[in-house]
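Hi there,

Here is the structure I promised to pass along. Have a look at it first, and my notes on what turned up are just below.

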Amino acid sequence: MQRFSRLALLISVACVINAKPVHLRCNYRTNPLGIDTPKPNFSWQSDATGRNWTQSAYEIQVASSAQKLASGKADVWTSGKIASAESVSIAYGGPPLGSRRRYYWTVRVWDNHGRAASASESSWWEMGLLTSSDWSAKWIRWQNPEAAEDRAAMKWIWPAGQDALKVTSGSHGYFHVDVDLAQKPERAALFLIARGDWQVTVNGRDAGEKPHWKEFDRRDIGGLLVPGKNSIDVTVTAAAGPQWPPPPPGPVPAAFAGLLKITWADGRIERIPSSERWQARSEPNAAWAPAGIAGELSDARFGGDPGGLPQPAALLRREFAVEKSVAKARLYATALGAYETTINGVRVGRDELTPGFTDYSKRVQYQTYDVTDMLRNGTNAIGAMLGEGWFASGMAWTAEHFNVLPPTRMMAQLEIEYADGTRAAVVSDGSWKAAESPILHSEIYAGETYDARLEKPGWDKAGFDDRAWTAAVVADPYSGEISSEPDAPPQIVKEMRPEKVNALANRTYVFDMGQNIVGWVRLNVRGERGTSVRLRFAEILNPDGTIYTKNLR
């Protein structure tokens, strides 16, 4: 027994002696790119398996290259031996760090008996853009050439006689317009805003509803329209209960403003705005009468200017030449909106919904990507899709925006270091081209409208004919802070198939995923060109098997 006890003790001591730091983290991430913290912090764990092992001291070494670190030449900083059991969030204490530079680090620890463990494997981090002068890129956006005309003719309308002195919260407004169509349009969208809750039907079929909402909403109704006579009905219930921001003093009519925008197959656009053409009434069975008309969409009685209409996501592109061997390439990018970038038609990174959610009146985050292997000799193309994201989507229950308002805009800076030591940069500016994307609506809560007929194959590859595109607009500078994203952005972690599919009436199917998830759907369908497919999402079901959406916005 004595012999075996000594053997166990020797094994335990060996385990302690061979322990070393593992799972090295800089700013809580493994080998992170784009750190812009002046003094990054270091963390590690130990692989010790012996009993009662504790750390009594550590030493961090930082070098400018992996080779120097391996040879023991910590030419940037060494902490020296620090008596401490701490191994989380140890601050860098060396000289100022440089933008874009990569640093290599390792750590050695001592145990509670004063014995030194093996040094960790080396790790690294790379600094991002530390000052505003490091950015030479401009904020750019797509200017929809139809935006001004879409908004110009709209007016607030309400039932005649229902004015601000008589109406009370909970009063209703009923609105109606007939639209005669010679043929089915290529597509049609109904833009709506109301001083209260609204619900719309097209030819008697539900086309959506929304509680009190402080911005325009988009409903694509092309699939509900038919050749001949079409009836569009909107019901508004004047806002009741507390509202933020508070409405103007006194009750407000059950009013709405909107636009029916029809696009024909030949590209012609027909607009039917809220105006004298619409009829209105205060009771469901009363006679129709001409609607009351406000002179301006910005009329203070209805909360002031509601802003512009939701815009399609934008496509942005630029071609550039690479004529030498590339040693390193980094893409620094951000947006007021949500963006995805590609190089030569290949998606950059795996991040979703970038940039992350912040108070955009104060700060927006940028992302850093290693794109060295994505470049090729000759002509290359960088592309970006820019949608509404967190920035341009209405927050809370009344669609309030931050102090920084749409339109969406983005900024991208591609920096190339060639093997011969020379450098080049491709930055977002007025030389980029812009166009409408197939995603016509990309609001976080109201959902997405996608029209496959608007796809532009090859738009983000070299050689694409973009002569019909417009020049990107250089937007006003952003007044807030631009800082590196400190955490890991959302990414796809799993693909799931539904556990069962239930067929309901009217060509409706309920896909049961078996659990509550955060994600989106990949659906393969076949049908005639222009066929509308509507996807809705919910967390629970009604007793009849339909989806329950009353708890959603």
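R453 and E186 form a salt bridge, with 3.7 Å between the closest N and O atoms. This pair ties together distant parts of the chain, 267 residues apart: R453 sits in the loop between β32 (447-450) and β33 (470-471), and E186 in the loop between β11 (172-181) and β12 (187-194). R453 is partly exposed, at 24% relative accessible area, whereas E186 counts as buried because its relative accessibility is 18%, under the 20% cut-off. Please keep in mind that this is a predicted model.

In total there are 32 salt bridges in the structure.

- D134 pairs with R100, the closest N and O atoms being 3.5 Å apart. This pair also links distant parts of the chain, 34 residues apart: D134 is in the loop between β8 (123-126) and β9 (140-141), R100 in the loop between β6 (90-91) and β7 (102-111). D134 is buried at 14% relative accessibility, while R100 is partly exposed at 23%.
- E319 and R317 meet through their side chains at 3.1 Å, N to O. E319 is partly exposed, with 30% relative accessibility, and R317 is buried, with 1%.
- E146, E149, D150, K261 and R271 are joined in a salt-bridge network.

On charge overall, the protein carries 63 positive and 62 negative side chains, and the centres of these two sets are 5 Å apart.

Now for the fold as a whole. The protein has four helices and 39 strands, and its C-alpha trace spans about 100 × 65 × 50 Å along the principal axes. Of the 553 residues, 44% are buried. Among contacts with a separation of 6 or more, 74% are between residues 24 or more positions apart.

Leaving aside residues up to four places away in sequence, Q365 touches T334, P355, G356, T358, S483, S484, E485 and P486.

V501, Y509, F511, V521, L523, V525, V533, L535 and F537 make up a nonpolar surface patch with about 830 Å² of accessible area together. F511 from this patch lies in strand β37 (residues 508-512) and is partly exposed, at 43% relative accessibility.

Best wishes

Technical notes:
Residues are numbered from 1 along each chain as its sequence is written. This is a predicted model: local features need pLDDT of at least 70, side-chain atom pairs count only at pLDDT 80 or more; totals for chains, interfaces and linings use all residues. Side-chain values use heavy atoms; hydrogens and water are left out. Helices (H or I, at least four residues) and strands (E, at least two) are DSSP runs, numbered from the N terminus. Buried means under 20% relative accessible area, exposed over 50%, partly exposed in between (1.4 Å probe, protein chains only). Contact means heavy atoms within 4.5 Å. Lys and Arg count as positive and Asp and Glu as negative; His and the chain ends are not counted. The place of a charge is taken as NZ of Lys, CZ of Arg, CG of Asp or CD of Glu. Patches are made of residues with over 30% relative accessible area and no salt bridge: like charges are joined within 9 Å, nonpolar side chains (Val, Leu, Ile, Met, Phe, Trp, Tyr) within 5 Å. Accessible areas come from the Shrake-Rupley method with a 1.4 Å probe; for residues, only the protein chains shown count as cover. A salt bridge is a side-chain nitrogen of Lys or Arg within 4 Å of a carboxyl oxygen of Asp or Glu.
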